[in-house]
Every structure is written in structure tokens, then in C-alpha cells.
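Let's take a walk through this protein model together. Keep the sequence and the 3D view handy as you read.

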Amino acid sequence: MTPPLGSAALRGKVAVVAGATRGAGRGIAAGLGEAGATVICTGRSSVHGPGPYSPGGSDYDRPETIEETAELVSRLGGIGVAARVDHLDPAQVGALADRVRREHGAVDVLVNDIWGAEVLKGGPAQWDTPIWELDLEDGLRILRLGLDTHLITSHYLLPLLIERPGGLLVEVTDGTAAYNAGHYRISVYYDLVKNAVNRLAYAHGHELRPHSATAVAVTPGWLRSEMMLDAFGVGEANWRDALVPDRADGLPSAPPGFAASESPRFIGRGIAALAVEPDRARWNQRSVTAADLARAYGFTDLDGSQPDAWAAM
């Protein structure tokens, strides 16, 4: 399918996608690449191994790397740049900011998609466990991975975003502010992080408005990340096979709601549309879904659909 914005819509624009190794981050980098942006793809998983301050590397034992994401960006028409960064380490994020300033001068789009706590939050069997029964160290790491990383990144990179008017900051979370306000989300730690990231976009929007910059919180729906596809033993090309009940291959079947799932490119196209929008300031401090953006801008997912998993919740 033809990219919704054309391959030159963001030509000459510089984006930093913090947490671009896999999942929504890779999809966002790809969506910006489709529109021609230069995309600096950061993360801890690299073909060169973990950084000098990150002996343990990623919290996930996964094969995806930031170099793969950067190569995808370039194949789609943008310019992909891999940057190995642990966003919990201020020194590394500061060095990233220095590099971006030296090589690009400023940032037009900053996406805070850093997470890394998917394993720590546990599966459905562990959800709704009270805080006194959860591992405290794991819970506090969820907070660090989901909040400290965003704050450290904004501290060092927002000065580059306000170098010229029109900058866009996107905070990626799970659930809109309105939805999360009325629904308990998995655990105290997860609930706190996903609510707080929405509020971060609101607070940053207050600070950025005088500099003619915009902050928006965006949530994907049911995301067909690499980890999600692996859980059902399918790939992006045959993901609907997961919906078959009592599968002959013995693999788990996805619940019916999986039919409304979305590829990571869907939220990427939404953020690219926001970055192109001349009047993007109308979105400042708002909390929206990828489906909300699709309705506003008319783009589709890779299969031509406009999925909305939140509509049934």
C-alpha cells in the first residue's frame, strides 16, 4: 500500500525515537521513515552489544536490534540512524543530545516510547495482584523503566526540540487519560506508569506552548508486537491464524478481540501525520489513540483497515 503521506512529507526533518528497537517504537520509526524523515533510532539492543554503562543490555532476551530498525527506516525512504543508548543513564542521554546537536542542529520530532517492562509486569495470571504480594524490586524497576527514562530523555532533548518553532513531542503510553482514569490497569505499578505518561504529555505541553511546540500522548490499541506475535506462534503475514479456535498446531488461540489488533506501523503513521500537520498545536496536551488519529487524517494500517481495539472496551 502506498504510504499515506508520500515519501517526501518529512524530508529534511529530524526525529528521535527513543526506544525504537521493537514494538511500537520500531513501528513509529518506520512510519516516520515512510514520510522521508531522518530518524535516530535509540535503544539498548545492538549488533555491537550493550553499551559501556549497560552490561546487562535490554531487559528482554530478544533478537531485534536498533540497527535493524534503522535499516527499515532507510528501506522505506527515510534516513535511519542507529544510536545505542540506555535511557536510564543521564550520561548516555546527554551524549546523545550532544551528538544530535553536532550532526543535525535540532530535533523536529521527539518520541518517548521507552518501556522495557513487559516481562516485569507479568502475564494475565499475575494481573490484579495486590502490591503487598508483588516483588518490590520488580515494581520499582517498572517505575524507573517507564517514567525515569522519559524524564531523563526530555531533560536532555527538549532543548533541541525548541531550537525552531513547530516541534512535536509524543509520549507513548497504554490507554488514554480518559480511559485510564476510570479503569484499574493490571497492577499498582503499571497503573501508575501508564497514567503518569499521559500526564507527562499534558505537563510538557504547558512548558512547550510558549516555544511554539506541541506535546501529545498517543496510545496504540492491541499491538501486534514481535512479542505478541510470538506468543500466538504467528507472524504479521498470517496473524489472523491466531484467531482460529482449537488450533491444529496446538498453539494458543487469541481471543476474539485480537481481530481488532493493529500492526506497529499504524501508530507510526499516526505520529507521522501529526508531524506533517501545520496546525498540530490543536492537539497540544491531548491524549489520543492511534485510531483517533486515523479517523482525523484518513490513513490506514498495512492491510488497509482502521482498527480500533479501544472501541469495544
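## Threonine 42 and its neighbours

Start with threonine 42, which touches Val16, Val17, Ala18, Gly19, Ala20, Thr21, Ile66, Ala83, Val85, His87 and Leu96, leaving aside residues up to four places away in sequence. Contact here means heavy atoms within 4.5 Å. This is a predicted model, where local features need pLDDT of at least 70 and side-chain atom pairs count only at pLDDT 80 or more, while totals for chains, interfaces and linings use all residues. Residues are numbered from 1 along each chain as its sequence is written, and side-chain values use heavy atoms, with hydrogens and water left out.

Is threonine 42 buried or exposed? It counts as buried, because its relative accessibility is 0%. (Buried means under 20% relative accessible area, exposed over 50%, and partly exposed in between, using a 1.4 Å probe and protein chains only.)

## The strand around it

Threonine 42 sits in strand S2, residues 38-43. Helices (H or I, at least four residues) and strands (E, at least two) are DSSP runs, numbered from the N terminus. In a regular strand the side chains alternate between the two faces of the sheet. For S2, Thr38, Ile40 and Thr42 are on one side, Val39, Cys41 and Gly43 are on the other, and all of these are buried.

S2 also has a partner: strand S1 (residues 14-18) pairs with S2 in the parallel sense, over five bridges. Two strands count as paired if DSSP finds at least two bridges between them. Across this pairing, valine 16 stands opposite isoleucine 40 in S2.

## Two nonpolar cores

The largest nonpolar core has 35 residues, and Val17, Ile28, Leu32, Val39, Val111, Val218 and Ile267 touch the most other members. Helix H8 (residues 264-276) supplies the largest share of this core, seven residues. A nonpolar core is a set of buried Ala, Val, Leu, Ile, Met, Phe, Trp, Tyr and Cys residues joined through side-chain atoms within 4.5 Å. There is also a second, separate core of 21 residues, with Ile40, Val100, Leu158 and Leu208 among them.

Zoom in on leucine 32: not counting residues up to four places away in sequence, it touches Leu10, Ala15, Val17, Ala37, Val39, Gly268, Ile271 and Ala272.

## Salt bridges

How many salt bridges does a search of the whole structure find? The search turns up 19. (A salt bridge is a side-chain nitrogen of Lys or Arg within 4 Å of a carboxyl oxygen of Asp or Glu.) One of them joins arginine 22 to glutamate 64, with the closest N and O atoms 2.8 Å apart. Arginine 22 is in the loop between S1 and helix H1 (23-34), glutamate 64 is in the loop between S2 and helix H2 (66-75), and they are 42 residues apart. Both arginine 22 and glutamate 64 are buried.

Another salt bridge links arginine 265 and glutamate 34, whose closest N and O atoms are 2.9 Å apart. Arginine 265 lies in helix H8 and glutamate 34 in helix H1, so this pair ties together parts that are 231 residues apart in sequence. Both arginine 265 and glutamate 34 are buried. Finally, salt bridges with shared partners connect Arg22, Arg62, Glu64 and Asp230 into one network.
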